[in-house]
Amino acid sequence: MHEPKTTRARVEKTLQGQSFDFKCTACGNCCKGPGDVYFTEDDLKAIKDYLKLSAFAFARLKRKLIQEKIPGYYVHRSGDACLLLVDNKCSVYPVRPMQCSTFPFWPSNFQSQANFRQLKKECPGTMSGKGKPLEAETVTRRVRKTEKEFLEPQQNTDKPIML
Ligand code: SF4
Ligand code: SF4
């Protein structure tokens, strides 16, 4: 079976005429690993300002948080939960990185029905009936925004990472 070529077509095929609803329950599942969290330079700067860290404290946080630097991103490879998850809550929620603020509107979640089923399994805020129903057009716009903002800084990368 051929793969739909556009984001809109993939979203429509995944949703199969249903509207999408999402309301975060703050369960913390999506912050628990193992997994990678990607921070841009701007994300890190926003965290430094939000936590009012001195240059020394910020350098120490970065040493603990970041395991790798790839073009466009600093990578936190969390073996368990993200280091910024404290008492099951994001300690930098208002300035959380783009990867986190765009969830669950990631291209991968609307890539196929299997991926969408997995999302529903892992995220109790998805299709719970408690969020505002969103039509495919709105979902597509949100997913495209993630594609644009997450892929663009990686334009010259051999193997771009995608959400
Ligand atoms: S898994 Fe879903 S419901 Fe739970 S914290 Fe993440 S976004 Fe919210
Ligand atoms: S930065 Fe915050 S929202 Fe993102 S994974 Fe870490 S704890 Fe979760």
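Which residues does Met127 touch, not counting residues up to four places away in sequence? Here is a friendly walk through the model, with that reply in the first point.

1. **Met127 and its surroundings.** Met127 touches Asp21 and Lys120, leaving out residues up to four places away in sequence; contact here means that two C-beta atoms, placed from the backbone, lie within 7 Å. Met127 sits in the loop between α5 and α6. Gln18 is 109 residues from Met127 in sequence, yet their C-alpha atoms are 9.8 Å apart in space.

2. **What you are looking at.** This is a predicted model, in which local features need pLDDT of at least 70 and side-chain atom pairs count only at pLDDT 80 or more, while totals for chains, interfaces and linings use all residues. Residues are numbered from 1 along each chain as its sequence is written, and chains are lettered from A and ligands numbered from 1 in the order in which they are written.

3. **Overall layout.** The chain holds six helices and five strands, taken as DSSP runs numbered from the N terminus (helices H or I, at least four residues; strands E, at least two). Along the sequence they follow the pattern α-β-α-α-β-β-β-β-α-α-α. The radius of gyration of the chain is 17 Å, close to the 15 Å that the globule rule gives for 163 residues, so the chain is as compact as a globular protein of that length. That radius is taken over C-alpha atoms, and the rule is 2.2 Å times the number of residues to the power 0.38. Along its principal axes the C-alpha trace spans about 50 × 35 × 25 Å.

4. **The cores.** The largest nonpolar core has ten residues, among them Val11, Phe20, Phe105, Phe110 and Val143. Such a core is a set of buried Ala, Val, Leu, Ile, Met, Phe, Trp, Tyr and Cys residues joined through C-beta atoms within 7 Å. Helices α5 (113–122) and α6 (136–151) each supply at least two residues of this core, and α6 gives the most, with three. Beyond its neighbours within four places in sequence, Phe110 is in contact with Arg10, Val11, Thr14, Phe116, Val139 and Val143. Apart from this core lies another, of seven residues, including Cys31, Phe39, Cys82 and Leu84.

5. **The strands.** β1 (residues 35–39) and β3 (residues 73–78) pair in the antiparallel sense over five bridges; pairing requires at least two bridges found by DSSP. The bridge partner of Phe39 in β3 is Tyr74. β2 (residues 68–70) also runs antiparallel to β3, joined by three bridges, and Glu68 has Val75 as its bridge partner in β3. Two residues lie between the strands in the β2 and β3 hairpin, where Gly72 takes a positive phi near 90 degrees.

6. **The two ligands.** Ligand 1 is surrounded by residues including Cys24, Cys27, Cys30, Phe103 and Cys123, where a surrounding residue has its C-beta atom, placed from the backbone, within 6 Å. The shell of ligand 1 has seven nonpolar, four polar and no charged residues. Around ligand 2 are, among them, Cys31, Cys82, Cys90, Arg96 and Cys100, and this shell divides into nine nonpolar, no polar and one charged. Ala, Val, Leu, Ile, Met, Phe, Trp, Tyr, Cys and Pro count as nonpolar, Asp, Glu, Lys and Arg as charged, and the others, Gly among them, as polar.

Methods
Buried ≥ 20, exposed ≤ 12 C-beta atoms within 10 Å, placed from the backbone.
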